[in-house]
Amino acid sequence: MGALGNGGFWWKFPPRGLRFGSRRSRSSSSSNGSDHPINGGGSNFNFPLKPATTAASLALAGDTIAQIRDGYKLLDRTDSKNKDVMSALLSNYDWLRALRMASYGFFLYGPGSHAWYQYLDHRLPKPTFGNLSMKVLLNQIVLGPCVIAVAFAWNNLWQGKLSQLPAMYQKDALPTLLYGFRFWIPISVLNFWFVFFHVF
């Protein structure tokens with residue numbers, strides 16, 4: 001874990017070119033009273049709130065879309081003319097599942113992916129085609145399997161089904177990863193291309 005930055009939790013890895021809690025920031029922060037750990041003054045605990053909140057929101061939205069899509073497939077077509085379709089879809093909405101996915105995004109995926117992308121930027125900082133290709137490749141062969149493994153474990157943990165996790169990995173992990181490549185490879189290319197050529 002130490003390879004990802006400062007030998008600790010993922011969210012301790014500072015952004016490239018910026019050291020949290022440096023002498024300069026400490027001296028200026030102590031004079032205005034912002035040395036409190038939440039403000040990031042003298043503490044090494046810098047939880048990435050914005051990436052965590054963004055990931056939680058996207059996980060919640062994605063799960064909501066998936067639940068509505070699945071509910072729509074099961075909706076009785078003859079009945080749907082006589083009642084409000086949306087209320088029928090939301091009547092079977094699984095709030096606990098949605099909360100599980102949002103909490104996964106907030107506590108695990110948001111901070112973890114934030115640290116991962118900082119690490120990639122730190123190791124492959126130059127905007128070259130080779131670095132872009134390497135980031136996309138590493139994203140798929142390192143981050144992808146980690147995300148799937150943790151997401152499965154998180155859901156099974158909260159459902160009390162950890163004993164079923166090995167069988168789930170054997171049955172569903174590889175198909176999920178391969179299916180995800182169709183979406184995540186183009187998204188990764190666009191993401192890294194935009195960051196490389198529009199931010200630097």
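Q: Does Gln140 count as buried or exposed, and at what relative accessibility?
A: In this predicted model, Gln140 is found in helix H6, residues 129-159. Buried means under 20% relative accessible area. Gln140 therefore counts as buried, with a relative accessibility of 8%.

Q: Which residues is Gln140 in contact with, leaving aside its neighbours within four places in sequence?
A: Contact means heavy atoms within 4.5 Å. With the neighbours within four places in sequence left aside, the residues in contact with Gln140 are Pro145, Leu177, Phe181, Trp184, Ile185 and Ser188.

Q: How many helices and strands does the protein have?
A: Along the sequence, the pattern reads α-α-α-α-α-α-α. The count is seven helices and zero strands.

Q: What distance does helix H5 reach from its first C-alpha to its last?
A: Helix H5 covers residues 95-123, which is 29 residues. At 1.5 Å a residue, 42 Å is expected for H5. The distance in the model is close to that, at 40 Å.

Q: Where does H5 bend?
A: The bend in H5 is about 40 degrees. The residue at which H5 bends is Gly105.

Q: Which residue has a side-chain oxygen that reaches the backbone nitrogen of Leu96?
A: This contact lies at the start of H5. The side-chain oxygen comes to within 3.3 Å of the backbone nitrogen of Leu96, and it belongs to Asp94.

Q: What percentage of the residues of the protein count as buried?
A: The protein has 200 residues, and it exposes about 13200 Å², with carbon and sulfur atoms supplying 66% of that area. Residues under 20% relative accessible area are the buried ones. Their share of the protein is 30%.

Methods:
Residues are numbered from 1 along each chain as its sequence is written. This is a predicted model: local features need pLDDT of at least 70, side-chain atom pairs count only at pLDDT 80 or more; totals for chains, interfaces and linings use all residues. Side-chain values use heavy atoms; hydrogens and water are left out. Helices (H or I, at least four residues) and strands (E, at least two) are DSSP runs, numbered from the N terminus. The expected span of a helix is 1.5 Å times one less than its number of residues. The bend at a residue is the angle between axes fitted to the seven residues ending there and the seven starting there. A polar contact is a pair of N or O atoms within 3.5 Å; within protein, one must be able to donate a hydrogen and the other to accept it, and residues adjacent in sequence count only if both atoms are side-chain atoms. Buried means under 20% relative accessible area, exposed over 50%, partly exposed in between (1.4 Å probe, protein chains only). Accessible areas come from the Shrake-Rupley method with a 1.4 Å probe; for residues, only the protein chains shown count as cover.
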